[in-house]
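Please look over the sequence and the structure before reading the points below.

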Amino acid sequence: GFLIPYFIMLIAEGMPLLYLELAVGQRMRQGSIGAWKIISPYLCGVGVASVVVSFFLSMYYNVINAWAFWYLFHSFQDPLPWATCPLNSNRTGYDEECEKTSSTQYFWYRQTLNISPSLEASGSVQWEQALCLTLAWLVVYLCILRGTASTGKVVYVTASLPYCVLIIYLIRGLTLHGAVNGLIYMFTPKLEQLSNPKAWISAATQIFFSLGLGFGSLIAFASYNESSNNCERHAVIVSLINSTTSIFASIVTFSIYGFKATFNYESCLNKVILLLMNTFDLEEGSLTADNLSEMKDYLMATHPQEYAQLSPQLKNCSLEAELDTAVQGTGLAFIVYSEAIKNMEVPQLYSVLYFVMLLMLGIGSMLGNTAAILTPLTDSRAIATRFPKEVISGAVCFINCVIGLIFTMEAGNYWFDIFNDYAATLSLLLIVLVETIAVCYIYGIRRFEKDLYTMIGRKPNWYWKLMWAFASPLLIISLFIFYLTDYILTGTLQYQAWDATQGQLVTKDYPGHALAVIGLLVAASTMCIPLGALVTFIRKRLKRESVSTTA
Amino acid sequence: MLSFASQMHRMLSKYGLVSKQLWEIMQISNILLCNVTDRVSFWFVVTDSSENVTTVPGSEVEAAIRMNRNRINSAFLLSDKTLQFLKITPTLSPPVEPSTPVWLIVFGVVLCLILAGIVFLVVAGIRQRKKKNKESTERENLEEKCEVTITVENGIPCEALDLKAGHINGVFAADNERFTSL
């Protein structure tokens with residue numbers, strides 16, 4: 001159902017903007033700050049905003065890698081630790097919290113995160129998570145140590161290994177019982193979903209994130225290309241490969257998801273059947289999934305009192321309801337997949353494969369982010385001449401690791417959600433909007449055309465020009481309007497907190513200091529653009545005044 | 001049903017679940033089944049044949065079953081989930097925990113590998129930089145040495161210059177044609 005907005009957004013936003021960024025980087029041959037300064041001195045703020053967004057992203061994104069490491073290290077046990085609940089203190093039953101929710105959720109919320117009931121109760125740093133985070137940062141440091149040249153070689157591994165694992169999972173996933181249900185669910189378009197603007201917004205942000213637009217990493221990488229590199233062809237190829245990979249990955253995801261939903265549905269049915277058979281002392285095998293509804297009516301008619309006593313415990317099992325439980329958020333990804341994996345044969349193998357793939361993808365993203373931060377630093381002569389590359393990369397990794405310790409505290413996951421939801425989304429939209437407008441209207445689309453002609457020997461055709469000049473900016477502005485109206489309509493911002501006594505998520509309001517942090521995050525990156533213009537304006541004014549006074 | 005009775009008799013007698021005196025006198029007929037339903041569930045009592053028609057107290061039977069639950073299960077090739085004694089909740093066996101958690105071991109291995117990689121790369125980088133510095137200082141030293149022993153004129157060692165022959169500078173050679181001859 002998600003495919004239609006996804007494809008439309010890809011053609012309207014993804015490909016043109018990717019081409020734009022690659023061309024800018026290749027032409028200007030500098031990282032994001034320098035490149036935008038060349039286009040117009042008032043736009044140095046755009047580059048700085050990209051670097052700030054990349055910095056925020058690298059702060060919190062590596063925590064996902066730390067969690068992936070945690071799950072990976074725990075996959076070497078039999079049975080998997082999230083497959084069964086731990087016992088309570090006098091060994092008569094399972095742990096209370098685990099009983100109310102499933103064992104995979106318990107493993108995630110209690111044993112991985114040790115989450116606190118609300119944002120205010122910060123708790124202490126979890127040393128196990130801190131260790132995993134340090135390891136994740138050491139891995140990133142190892143890859144970026146020698147600069148972008150060595151990063152290029154690492155990316156060969158981090159980009160190709162996930163494909164192998166995805167193919168294995170595709171074969172395994174499609175042969176699972178109940179996978180077809182998930183695939184049918186994925187491909188049936190839901191028309192009421194299309195009219196909801198949130199679907200379009202999430203499609204757009206998904207495209208931005210997966211292509212890496214607006215982070216400055218594309219400009220940084222493209223600046224290392226030769227000037228005659230055919231970036232138009234590369235842009236089209238990259239976006240097509242990216243979208244086919246996304247579809248491929250979502251086929252795998254939905255087949256596994258269908259398996260999990262079918263498994264839960266069948267165990268729910270079995271529980272109901274067992275309950276009925278025990279209460280009414282029926283023969284084994286008389287109640288099956290097929291005749292369940294008829295037998296229920298029959299029992300209700302023949303033994304009305306006992307049935308009425310039993311009915312609060314009888315759940316209505318529905319496959320649709322299982323499939324509809326929304327799959328979003330990083331925590332849910334861990335929960336859903338670990339739940340599906342624990343029911344397969346040889347779960348350790350599949351678990352190791354899955355988390356290695358997740359690690360490769362996560363580290364690949366981290367390398368792009370840190371490259372976006374390091375390229376401006378190594379470009380600036382003030383810093384690069386004084387410190388060698390290794391020291392600069394080491395300093396960046398160390399600072400990020402220390403800040404990342406916040407996310408390993410007991411309330412860390414709530415702060416993670418804040419960063420995840422607000423650090424990048426709005427700022428990226430604004431940065432990309434300013435980029436398109438800058439290239440088309442400030443730099444001039446004719447000048448840009450001529451540059452492309454000198455670089456690749458061919459002028460961009462009407463499709464690209466139309467997209468750059470009109471379609472993409474309009475789409476982004478409409479997305480902005482949707483976001484703002486949505487925020488104004490709902491009023492205050494809320495978050496999902498884990499309630500240990502009930503064993504489920506509850507909605508709470510953000511406290512004051514959290515709202516301040518959110519505001520700071522959004523402001524820090526978006527304000528860079530006007531501030532940069534202001535600073536340049538003031539500098540030029542001062543220069544003009546000093547020139548006029550000396551003359 | 002008969003097989004259940006015989007199995008129960010075997011269990012109770014074989015594993016000394018009841019006191020020694022009763023063991024000899026107990027027979028299969030001492031285990032009575034009642035209330036058998038379609039669901040393969042029933043009640044049973046264990047009677048004591050030495051004293052006629054008295055049943056072994058329920059608490060004793062309960063305690064015996066609780067102690068030897070897994071043996072009973074394995075005799076019937078069933079498990080705690082498929083064979084249920086009402087009011088006797090099974091005490092669950094705790095999972096096996098090794099002395100050091102497994103994940104720490106794997107973590108340690110990976111950490112050592114990564115640290116080794118980092119140290120190797122850093123040392124290689126330092127060595128490369130030292131080599132470059134050494135090469136450039138060697139070149140400087142060589143140039144200094146040359147200057148001491150060989151006299152240099154305009155950077156060219158004097159031996160190379162053929163002071164007698166000289167070099168014709170092509171730029172000025174062509175001037176002869178430009179100037180009108182006298």
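The largest cavity holds about 60 Å³ of space. The model is a predicted one, and the count in it comes to 3 cavities of 30 Å³ or more. Helix 3 of chain A, residues 44–73, gives two or more residues to the lining of the largest cavity, and the points below also follow its packing against helix 21 of chain A and helix 5 of chain A.

**The largest cavity**

- Residues lining the largest cavity include Val63(A), Trp67(A), Thr112(A), Leu113(A) and Gln129(A).
- Also in that lining are Phe407(A), Thr408(A), Met409(A), Glu410(A), Gly412(A) and Asn413(A).
- Two elements of chain A give two or more residues each to this lining: helix 3 (44–73) and helix 20 (412–422).
- By class, the lining of the largest cavity has 5 nonpolar, 5 polar and 1 charged residues.

**Helix 3 and helix 21**

- Two packed helices are described by the angle between their axes and the distance between the axes.
- For helix 3 of chain A and helix 21 of chain A (residues 425–442), the angle is about 155° and the axes are 10 Å apart.
- Angles over 145 degrees count as roughly antiparallel, so helix 3 of chain A is roughly antiparallel to helix 21 of chain A.
- The crossing of helix 3 and helix 21 of chain A is left-handed.
- On the helix 3 side, the contact is made by Val46(A), Ala49(A), Ser50(A) and Val53(A); on the helix 21 side, by Ser427(A), Ile431(A), Val434(A) and Glu435(A).
- This contact comprises 5 nonpolar, 2 polar and 1 charged residues.

**Helix 3 and helix 5**

- Helix 3 of chain A packs with helix 5 of chain A (residues 103–112) at an angle of about 115°, and their axes are 13 Å apart.
- Helix 3 and helix 5 of chain A are therefore roughly perpendicular to each other.
- Their crossing is right-handed.
- Trp67(A), Trp70(A) and Tyr71(A) of helix 3 meet Phe107(A), Trp108(A), Gln111(A) and Thr112(A) of helix 5.
- The contact of helix 3 with helix 5 has 5 nonpolar and 2 polar residues, and no charged ones.

Technical notes:
Residues are numbered from 1 along each chain as its sequence is written. Chains are lettered from A and ligands numbered from 1 in the order in which they are written. This is a predicted model: local features need pLDDT of at least 70, side-chain atom pairs count only at pLDDT 80 or more; totals for chains, interfaces and linings use all residues. Side-chain values use heavy atoms; hydrogens and water are left out. On a 1 Å grid over the protein atoms alone, a cavity is a set of points where a 1.4 Å probe fits but cannot get out, and a pocket is an open set with protein on both sides within 12 Å along at least five of seven lines; lining residues have an atom within 4 Å of a point. Grid points are joined across faces, edges and corners, and a volume is the space filled by probe spheres set on the points. Helices (H or I, at least four residues) and strands (E, at least two) are DSSP runs, numbered from the N terminus. Ala, Val, Leu, Ile, Met, Phe, Trp, Tyr, Cys and Pro count as nonpolar, Asp, Glu, Lys and Arg as charged, and the others, Gly among them, as polar. Axes are lines fitted to C-alpha atoms, for helices over the stretch in contact, and angles run from 0 to 180 degrees between N-to-C directions. Angles under 35 degrees count as roughly parallel, over 145 as roughly antiparallel, 65 to 115 as roughly perpendicular and the rest as oblique. A crossing is left-handed if the near helix is turned anticlockwise from the far one by less than a right angle, and right-handed if clockwise. Contact means heavy atoms within 4.5 Å.
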